[in-house]
Amino acid sequence: MKRNDLPDPARRRLLAGSAGMVGVGLLGAAPVVAAHNVAHWDAETDVLVVGTGAAGAAAAIFARQADAAVLMIEKADYFGGTTAKSQGGYWIPNNHLMRARGLTDERAAALRYMARLSYPELYNAADTQLGLAPDDYALIATFYDHAARVVQRLETLGALGSTFFPGGAGYEYMPDYYAALAQNEAPLGRILSPRRPDGAPGMGDEIARQFEVAVKARGIEVRFRQRAVRLVQDANGAVVGVEVADADQKTHHLRARRGVVFGTGGFIHNADLRRRFLRGPVYGGCTVPAAQGDFIPLAQAAGAQLGNMQHAWWAELVFEQAVVNSAVPMNVFVPPGDAMLQVDRTGRRYVNEKFVYNERAQLHFVWDPQRAEYRNLLTFMVYDRRVAEQFAGMFPLPPGPAPYVIEGADFQTLGAAIGARLAQLAPHTGGFALDDDFAGQLVHTVSRFNGFATSGKDADFQRGETPVEGYFHNMYRPPDQTNPSPNPTMHPLADQGPYYAIILCAGVLDTKGGPRIDTHARVLDAFGAPIPGLYGAGNCIASPAAQAYWSAGGTIGPALTFGALAGEHAAARR
Ligand SMILES: Cc1cc2nc3c(=O)[nH]c(=O)nc-3n(C[C@H](O)[C@H](O)[C@H](O)COP(=O)(O)OP(=O)(O)OC[C@H]3O[C@@H](n4cnc5c(N)ncnc54)[C@H](O)[C@@H]3O)c2cc1C
């Protein structure tokens with residue numbers, strides 16, 4: 001079929017959405033399949049769900065509860081995607097467990113918090129929509145209005161039990177990332193975890209386990225190793241099915257009478273999309289390898305409007321892992337250790353090392369105008385032997401020798417060793433190098449840091465002063481580790497070496513840009529109209545959170561909510 005054979009609305013959408021089009025991996029094939037060209041449907045269902053992470057599973061369960069026949073397909077050979085690898089927190093404002101404990105989370109206040117973080121440059125508390133564009137405000141409001149209902153319904157259905165995310169070490173609840181922000185009037189209790197059968201909080205694998213059980217219990221078939229490669233559209237431009245490729249690259253056509261919901265994750269492991277769209281140099285993430293942005297060209301071919309492509313759920317990575325494979329085993333969520341600091345290429349501290357990973361990672365995008373380079377393309381986590389020993393095994397501090405750890409007997413030799421390592425890595429960095437006086441400056445930096453550690457007050461970056469920093473530090477600290485300093489997140493570095501360094505770069509938990517959706521999770525075309533029959537939720541769409549990471553669970557909370565909304569709406573379509 002040639003492009004001109006497309007049904008008219010589909011062709012219009014394709015043309016409208018062609019800016020920034022990326023290869024679909026189907027050279028020579030038309031970007032969408034016209035339904036009249038499908039000779040045989042290999043399966044038929046009401047709602048077809050693509051992807052088995054939080055978004056896809058929620059969509060499938062809610063569609064089935066609304067009496068739709070549901071079929072799920074999954075590119076990998078297991079259920080759960082990155083959700084299954086995650087810590088498993090979901091951020092749900094005004095959730096039923098908070099309410100049961102008398103914790104209030106008023107709508108207006110919660111929307112102020114979300115709007116302030118998602119659109120800081122537009123935020124206006126005096127405006128009825130807080131200064132936001134109407135559709136962006138509507139998505140945030142929809143999240144507040146439905147998140148608690150969705151999670152409570154999952155509980156009632158026996159599909160996903162919830163409990164509070166673990167507190168611990170003096171914390172009853174994990175605090176929100178911006179617990180101290182003036183707009184945060186309910187900083188505790190919004191972060192939930194899956195409740196294991198023994199009642200304890202579980203992680204992402206527990207979400208996936210419970211969802212897989214719930215899906216099976218509802219008779220929903222899951223076809224593994226099936227990759228959605230093209231959409232099927234009818235003569236009116238409605239999405240009526242999907243072409244999938246199986247493990248042998250054979251294609252099949254699956255018909256969806258009411259709608260197709262994508263929950264296929266982000267695009268971090270698609271080097272092309274990463275380079276073209278993300279707002280700075282990013283090397284990978286701990287996302288599962290399947291996160292290749294498959295939905296983006298498919299949706300573009302149907303005329304979808306893209307949004308939020310520059311943003312991601314950011315986190316730092318060990319550069320020497322990411323350079324080998326963008327799918328790193330783990331991100332540097334919190335650099336462990338007290339006698340530990342992060343410095344830039346000049347040997348100066350540039351960040352509060354214990355603050356939220358999403359925020360720290362964005363400092364890698366700072367531009368140096370005179371040198372015409374990313375000033376913090378790479379930065380350096382520096383620590384002493386006490387930290388190496390006491391925090392061993394807390395990633396990225398290895399339990400034993402690791403090739404990415406650079407060692408020096410003193411700061412001079414450490415600086416020289418980092419310089420030599422950077423020279424080896426030059427083909428991946430554009431020749432990024434240390435300042436000539438890196439080691440000399442590092443001596444001053446450590447001396448200043450040691451003074452702050454002794455007094456307990458970090459006059460430069462206020463390390464350890466917000467609630468979440470203490471929580472994070474404890475999370476990445478062996479229970480028997482002690483620090484007599486007045487600020488437990490800081491300790492003077494030893495006067496004598498050896499000292500160690502790990503090279504860090506920007507990465508992600510996953511991206512969060514893609515087709516824009518409306519409040520029913522319908523994918524919008526270039527003119528803002530819903531593309532009939534096409535839905536998306538989770539990291540494969542333009543996140544309702546925009547640039548913000550509201551708190552731990554800020555990715556899975558919206559994925560569950562908009563996944564459920566997609567499933568409900570698709571099931572009701574006739
Ligand atoms: C270590 C770690 C800890 C994290 N902790 C948290 C946390 O505590 N809280 C939080 O909110 N977030 C956390 N995250 C992020 C979170 O895991 C993700 O943002 C979230 O799970 C994404 O859900 P999703 O449903 O959008 O996608 P996924 O869970 O990634 O699911 C997408 C699925 O789609 C499949 N797929 C992709 N393409 C196709 C295709 N073409 N055809 C068929 N199937 C396809 C994939 O194989 C995958 O199974 C963490 C991430 C990591 C890596």
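This briefing covers the domain layout, the ligand site and selected backbone features of the structure above. The model is predicted: local features need pLDDT of at least 70, side-chain atom pairs count only at pLDDT 80 or more, and totals for chains, interfaces and linings use all residues. Residues are numbered from 1 along each chain as its sequence is written, and side-chain values use heavy atoms, with hydrogens and water left out. The protein chain is divided into domain 1 (3-86 + 206-311 + 512-572), domain 2 (92-193) and domain 3 (314-509), the bounds coming from an automatic or database domain assignment.

**Ligand site**

- The ligand lies between domain 1 (3-86 + 206-311 + 512-572) and domain 3 (314-509), because both give residues to the shell around it.
- The ligand has 36 residues around it, of which Glu74, Thr83, Asp294, Thr555 and Ile556 come nearest; a residue is near a molecule or strand if one of its heavy atoms lies within 4 Å of it.
- By class, this shell holds 20 polar, eleven nonpolar and five charged residues. Here Ala, Val, Leu, Ile, Met, Phe, Trp, Tyr, Cys and Pro count as nonpolar, Asp, Glu, Lys and Arg as charged, and the others, Gly among them, as polar.
- At least two shell residues come from each of α2 (54-65), α3 (81-85) and β8 (227-233), and α3 gives the most, with four residues. Helices (H or I, at least four residues) and strands (E, at least two) are DSSP runs, numbered from the N terminus.

**Interface of domains 2 and 3**

- The C-alpha centres of domain 2 and domain 3 lie 32 Å apart. Their contact, meaning heavy atoms within 4.5 Å, takes twelve residues from domain 2 and ten residues from domain 3.
- About 950 Å² is buried between domain 2 and domain 3, with carbon and sulfur atoms giving 69% of that area. Buried area is the accessible area (1.4 Å probe) that two parts lose on being put together, summed over both.
- On the domain 2 side, Tyr171, Tyr177 and Tyr178 lose the most area to domain 3, together 55% of what that side buries.

**Cis peptide bonds**

- Phe395 and Pro396 are joined by a cis peptide bond with omega about 10°; Pro396 sits in the loop between α12 (385-390) and β17 (405-408).
- A cis peptide bond also runs from Gly497 to Pro498, with omega near 5°, and Pro498 belongs to the loop between α15 (467-475) and β18 (499-511).

**Positive phi values**

- Gln249, a residue other than glycine, has a positive phi near 65° and is placed in the loop between β9 (239-245) and β10 (251-262).
- Asn94, also other than glycine, has a positive phi near 55°; its place is in the loop between β4 (90-91) and α4 (96-100).

**Surroundings of Asn94**

- Leaving aside neighbours within four places in sequence, Asn94 is in contact with Arg99, Asp105, Tyr144 and Ala148.
- The side chains of Asn94 and Tyr144 make a polar contact (3.3 Å). A polar contact is a pair of N or O atoms within 3.5 Å; within protein, one must be able to donate a hydrogen and the other to accept it, and residues adjacent in sequence count only if both atoms are side-chain atoms.
- The C-alpha atoms of Asn94 and Ala147 are separated by 8.4 Å, although these residues are 53 residues apart along the chain.
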